[in-house]
Every structure is written in C-alpha cells, then in structure tokens.
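Hello,

Here is the structure I promised to pass on. My notes follow below it.

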Amino acid sequence: MNIRVAMMIVGTMLLDQASKYLIEEKMRLGQSISVIPDVFHITYVLNSGAAFGLFPQQKYFFIASAIWMVLFGVYGIQKWSYYGEYFI
C-alpha cells in the first residue's frame, strides 16, 4: 500500500474520531450548529443502528460483519499481492 494512501486513511479516521469527540463533549443532544447557513448544519443526534437508522440495536450483526470484512480483505490482499496485483 502506498504510504500516501495509508496516511490519508489514518488522517481521515483521526479527523472523524476527533469531530465525534468534540461534538459529544461540547454539544447538547439535539443541538444544531449552522456551519453554512441554510446549507450545512452539524446536529448532535444518537443513532443505535447503521446509516439512516437501519438495523437498530443490532450490535452483534455489525461486529460479525466487520470481522468478516477484515478477514475477506486480508485474504484478498494476500491472494492478489501473490500475483503482483494490488487493490490500491
């Protein structure tokens, strides 16, 4: 994997986690902050499911899905790197 791609992935993950932390610490539940008026707002809400509230309260489903994806990814990287092909 290219070092730039790895740095972009890690940087995106850090920015995501930092923004979530700041929102949880500095905002009240339901509070909305206008970043660009009438275009972009940050609103603190809780979601127990996936995107748009799909599969609420299905923690074990998401854990199993994540494990499966990681195993499949490792398998794919090993398989394709053996042939000299890469995903990225």
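Start with helix α2, residues 59-82, which holds both tryptophan 68 and phenylalanine 72. The two sit four residues apart, about one turn of the helix. Please keep in mind throughout that this is a predicted model.

Two aromatic pairs turn up in the count. One of them joins phenylalanine 61 and phenylalanine 62, with ring centres 5.4 Å apart. Their planes meet at 70 degrees, and planes over 60 degrees apart count as edge-to-face, so this pair is edge-to-face. Phenylalanine 61 is partly exposed, at 39% relative accessibility. Phenylalanine 62 is also partly exposed, with a value of 30%.

Tryptophan 68 and phenylalanine 72 form a pair too, with their ring centres 5.4 Å apart. Here the planes are at 5 degrees. The cut-off for stacking is under 30 degrees, so the pair is stacked. Tryptophan 68 is exposed, because its relative accessible area of 56% lies over the 50% limit. Phenylalanine 72, at 48%, counts as partly exposed.

Alanine 50 lies in the loop between β2 and α2. Its C-alpha is 8.4 Å from the C-alpha of phenylalanine 62, and the two residues are 12 apart in sequence. Is alanine 50 buried or partly exposed? It is partly exposed, at 22% relative accessibility; buried would need a value under 20%.

Now the chain as a whole. It has two helices and two strands. From the N terminus, the order is α-β-β-α. Of the 88 residues, 5% are buried. The accessible surface is about 8100 Å². Carbon and sulfur atoms account for 68% of that surface. Take the contacts between residues at least 6 apart in sequence: 5% of these join residues at least 24 apart.

Next, the loop between the strands. Strand β1 covers 32-36 and strand β2 covers 40-43, with aspartate 38 in the loop between them. The phi angle of aspartate 38 is near 65 degrees. That is a positive value in a residue other than glycine. Is aspartate 38 buried or exposed? Aspartate 38 is exposed, because its relative accessible area is 78% and the limit is 50%.

Last, the pocket. The largest one has a volume of about 290 Å³. Which residues line it? The lining consists of Asp16, Ser19, Lys20, Ile23, Glu24, Thr43, Tyr44, Val45 and Leu46. Helix α1, residues 3-26, supplies the largest share, with five residues. By type, the lining divides into four nonpolar, two polar and three charged residues.

When you open the model, I would go through it in this order: the aromatic pairs, the strand loop, then the pocket.

Best wishes

Key: Residues are numbered from 1 along each chain as its sequence is written. This is a predicted model: local features need pLDDT of at least 70, side-chain atom pairs count only at pLDDT 80 or more; totals for chains, interfaces and linings use all residues. Side-chain values use heavy atoms; hydrogens and water are left out. Buried means under 20% relative accessible area, exposed over 50%, partly exposed in between (1.4 Å probe, protein chains only). Contact means heavy atoms within 4.5 Å. Accessible areas come from the Shrake-Rupley method with a 1.4 Å probe; for residues, only the protein chains shown count as cover. Rings of Phe, Tyr and Trp (its six-membered ring) pair if their centres lie within 6.5 Å; planes under 30 degrees apart count as stacked, over 60 as edge-to-face and the rest as tilted. On a 1 Å grid over the protein atoms alone, a cavity is a set of points where a 1.4 Å probe fits but cannot get out, and a pocket is an open set with protein on both sides within 12 Å along at least five of seven lines; lining residues have an atom within 4 Å of a point. Grid points are joined across faces, edges and corners, and a volume is the space filled by probe spheres set on the points. Ala, Val, Leu, Ile, Met, Phe, Trp, Tyr, Cys and Pro count as nonpolar, Asp, Glu, Lys and Arg as charged, and the others, Gly among them, as polar.
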